[in-house]
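Here are my notes for you, as numbered points. Please keep the structure open while you read.

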Amino acid sequence: MSSILITGASSGIGLQLAFDYAREGHQVIACGRSQEKLDANFAGTSIQTLCFDTTNKQSVLSAACDVGDLKTLILNAGSCEYIDDVMNFDSDLFSRVVQTNLIGTAYCLEGFLNKLSAGGTLAFMSSSATMLPFARAEAYGASKAGIDYLAECMAVDLYRHKIAVCNIKPCFVDTPLTKKNTFAMPGSINTQQASQYIRKGLAKQKPIISFTPWFIFGLKMLQWLPRRWIQIIQTKENA
Ligand SMILES: NC(=O)c1ccc[n+]([C@@H]2O[C@H](COP(=O)([O-])OP(=O)(O)OC[C@H]3O[C@@H](n4cnc5c(N)ncnc54)[C@H](OP(=O)(O)O)[C@@H]3O)[C@@H](O)[C@H]2O)c1
């Protein structure tokens with residue numbers, strides 16, 4: 001039986017997806033970088049676990065050797081760090097975030113993409129943040145904008161292989177990643193709601209799965225504003 005493999009399944013959105021897909025009767029492979037966390041979440045369930053660090057290519061490729069056919073590959077693992085002092089630009093931080101969110105995704109493509117066959121679904125985890133520039137989000141936004149372009153190109157190239165590509169662009173979701181945020185997160189939803197949007201979108205193989213609708217509508221409206229206005233609004237919000 002072919003399976004659904006989810007990276008970053010030890011916490012947040014990935015964890016919820018793993019439980020929800022398993023409850024629906026799918027065979028799930030939940031991936032994380034800590035076997036301890038994976039055991040704590042999935043011991044005694046039908047969910048298989050696979051431990052690797054997505055930023056370590058050898059670790060990804062050797063883990064992939066143990067995986068059989070997949071019907072869905074969800075590349076969800078990611079992290080977020082902010083550039084707090086832009087005038088002292090922290091290129092190490094930038095590199096860390098891009099390494100996790102973008103390069104780690106590329107390692108996973110090298111390891112797991114050939115496990116997907118015709119009819120399968122490849123899902124990327126981007127963010128609605130790429131729709132507008134946000135204060136301090138240089139590293140996170142750039143890494144997710146990279147995911148957007150990667151997903152678009154993969155969709156073109158995988159079309160003839162009959163593999164659907166879905167790019168997931170959530171609004172704020174209440175997870176350990178966003179718990180660290182000290183700013184207001186309008187329209188924040190829980191992981192159950194996020195999982196529902198994602199599973200519905202993946203079932204329809206929607207090219208872009210963005211949510212929540214009103215949050216995305218708001219961002220689309222803001223996109224019409226002159227860039228200078230957006231800079232002024234963002235500066236005032238973060239003053
Ligand atoms: N929450 C939101 O509002 C939101 C909005 C838009 C997009 N997203 C995206 O959704 C994805 C999931 O985020 P989340 O909110 O669910 O955050 P989370 O609870 O922090 O989950 C992130 C997951 O990625 C794993 N991970 C991080 N770095 C890894 C690495 N190097 N190797 C392997 N696994 C790694 C984490 O493992 P550990 O448990 O070991 O840290 C964890 O399982 C991320 O790509 C994030 O950018 C989230």
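1. Let me start with Lys204, which sits in the loop between helix H7 (191-203) and strand E7 (208-210). Helices here are DSSP runs of H or I with at least four residues, strands are runs of E with at least two, and both are numbered from the N terminus. Lys204 counts as exposed because its relative accessible area is 59%. For the cut-offs, buried means under 20% relative accessible area, exposed means over 50%, and partly exposed is in between, with a 1.4 Å probe and protein chains only. Lys204 and Thr121 are 83 residues apart in sequence, while their C-alpha atoms are 10.0 Å apart in space.

2. A word on what you are looking at: this is a predicted model, in which local features need pLDDT of at least 70, side-chain atom pairs count only at pLDDT 80 or more, and totals for chains, interfaces and linings use all residues. Residues are numbered from 1 along each chain as its sequence is written, and side-chain values use heavy atoms, with hydrogens and water left out.

3. Please look at Gln205 as well, in the loop between H7 and E7. Its phi is near 50°, a positive value in a residue other than glycine. Gln205 is partly exposed, because its relative accessibility is 33%.

4. Lys162 also deserves a glance, with a positive phi of about 60° although it is not a glycine. You will find Lys162 in the loop between H5 and strand E6 (164-169). Is Lys162 buried or exposed? Lys162 is exposed, because its relative accessibility is 60%.

5. Which two residues does a cis peptide bond join? They are Phe211 and Thr212, and omega is about -5°. Thr212 belongs to the loop between E7 and helix H8 (213-223).

6. Now to the ligand. It is surrounded by 29 residues, and the closest are Ser10, Ser11, Tyr140, Val173 and Thr175; a residue counts as near if one of its heavy atoms lies within 4 Å. By class, this shell holds 12 nonpolar, 13 polar and 4 charged residues. In that scheme Ala, Val, Leu, Ile, Met, Phe, Trp, Tyr, Cys and Pro are nonpolar, Asp, Glu, Lys and Arg are charged, and the others, Gly among them, are polar.

7. A backbone N or O atom of Gly8 lies 3.2 Å from a ligand oxygen. For Ile13, a polar backbone atom is 2.8 Å from an oxygen atom of the ligand. Lys37 comes in through its side chain, with a polar atom 2.8 Å from a ligand oxygen. A polar contact here is a pair of N or O atoms within 3.5 Å; within protein, one must be able to donate a hydrogen and the other to accept it, and residues adjacent in sequence count only if both atoms are side-chain atoms.

8. How much of the ligand's accessible area does the protein cover? On its own the ligand has 890 Å² of accessible area, and the protein covers 94% of it. These areas come from the Shrake-Rupley method with a 1.4 Å probe; for residues, only the protein chains shown count as cover. Helix H1 (12-23), helix H5 (138-158) and helix H6 (176-179) are the elements that give two or more residues to the shell. The largest share, 3 residues, comes from H6.

9. Helix H4 (residues 91-112) has 22 residues and spans 30 Å from its first C-alpha to its last, close to the 32 Å expected at 1.5 Å a residue; the expected span is 1.5 Å times one less than the number of residues. Where does H4 bend? H4 bends by about 45° at Gln99, where the bend is the angle between axes fitted to the seven residues ending there and the seven starting there. The buried residues of H4 include Leu93, Val97, Val98, Tyr107 and Phe112.

10. Asp39 is found in helix H2 (residues 35-42), and it counts as partly exposed because its relative accessible area is 38%. Asp39 and Ser210 are 171 residues apart along the chain, with 31 Å between their C-alpha atoms. Asn238 lies in the segment after helix H9 (227-237), and its relative accessible area of 44% makes it partly exposed.
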